[in-house]
Amino acid sequence: MRHRIYTRLLAPSVLFSSALILLVAQISLAAPGFDLDLKDLKKPSQPAVPKKAAPPGKKRGEAKATQKKQPAVADAKPAIKQPKIALNPTPQPAPEQSELILHRGDNSCQLAERIAVALARTVPTELLLNGLDLKPVATVNHGQLDLMVTCGLQVAEAYTYSRLLEEHQVELVNIRGDETAGQTAQKIIDALALPYQLEHAEKETDGSTQIYLFPADAQRQRPLRLVVQP
């Protein structure tokens, strides 16, 4: 009676144990990856060695780029042309005018000498004589013209000397001594071939005062107002 009761109590536990063994066997057969070798379990695991980081540096592409120098590119900007502005010329002040007053008096020859020296440049007498026996009172030059002034020569004598001097490009003016102030001045002015303007002044009892206006030229830097009085 007791044996039967024990058998009844043992039977369910045996069945449970058998089922558990069977389940474990199935799990073992289903997952063979978990079946580790005992030798492998006995070996100590080695720690993982960390890889050394590469030293910081330029990338290969960047290093090549730095080796090649970029050519300097000039900042070629087109030149901007400034518009031309027409400027009105500044009017230059007129040069001051010189004035010379000469008197004839009783000596027209001396008047001729002063007029010649005032209107032209004095040159050495020897340069114009060309070997002639003359005693001029004035020898002057204006541009390409040489002038010799003599006094008191006879008409024929003055003509002869005049022709001889013309061969050397020298002009001769001879003052007789009876010319008026205006006539004396006119002989010198015509011989020098000077441009001028004539202003007439009031007439006097013994003749007329002549006023000549000469423009500036290469030898005379300022205009000249020449007043020739009797």
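Tutor: In helix α7, the residues Ala181, Gly182, Thr184, Ala185, Ile188, Ile189, Ala191 and Leu192 are buried (under 20% relative accessible area, with exposed over 50% and partly exposed in between; 1.4 Å probe, protein chains only). The model is predicted: local features need pLDDT of at least 70 and side-chain atom pairs pLDDT 80 or more, while totals for chains, interfaces and linings use all residues. Residues are numbered from 1 along each chain as its sequence is written, and side-chain values use heavy atoms, leaving out hydrogens and water.

Helix α7 comprises 12 residues, 181–192 (helices are DSSP runs of H or I, at least four residues, and strands are runs of E, at least two, numbered from the N terminus). From first C-alpha to last, α7 reaches 17 Å, close to the expected 16 Å (1.5 Å times one less than the number of residues). Just after α7, Ala193 adopts a positive phi of about 55 degrees.

Elsewhere, a search of the whole structure finds one disulfide (a pair of cysteine sulfur atoms within 2.5 Å). Cys109 and Cys151 form this disulfide, with their sulfur atoms 1.4 Å apart. Cys109 belongs to helix α4 (residues 108–119) and Cys151 to strand β4 (residues 145–151), so the pair ties together parts 42 residues apart in sequence. The torsion about their S-S bond is about 85 degrees, so the disulfide is right-handed. Cys109 is buried at 14% relative accessibility, whereas Cys151, at 28%, is partly exposed.
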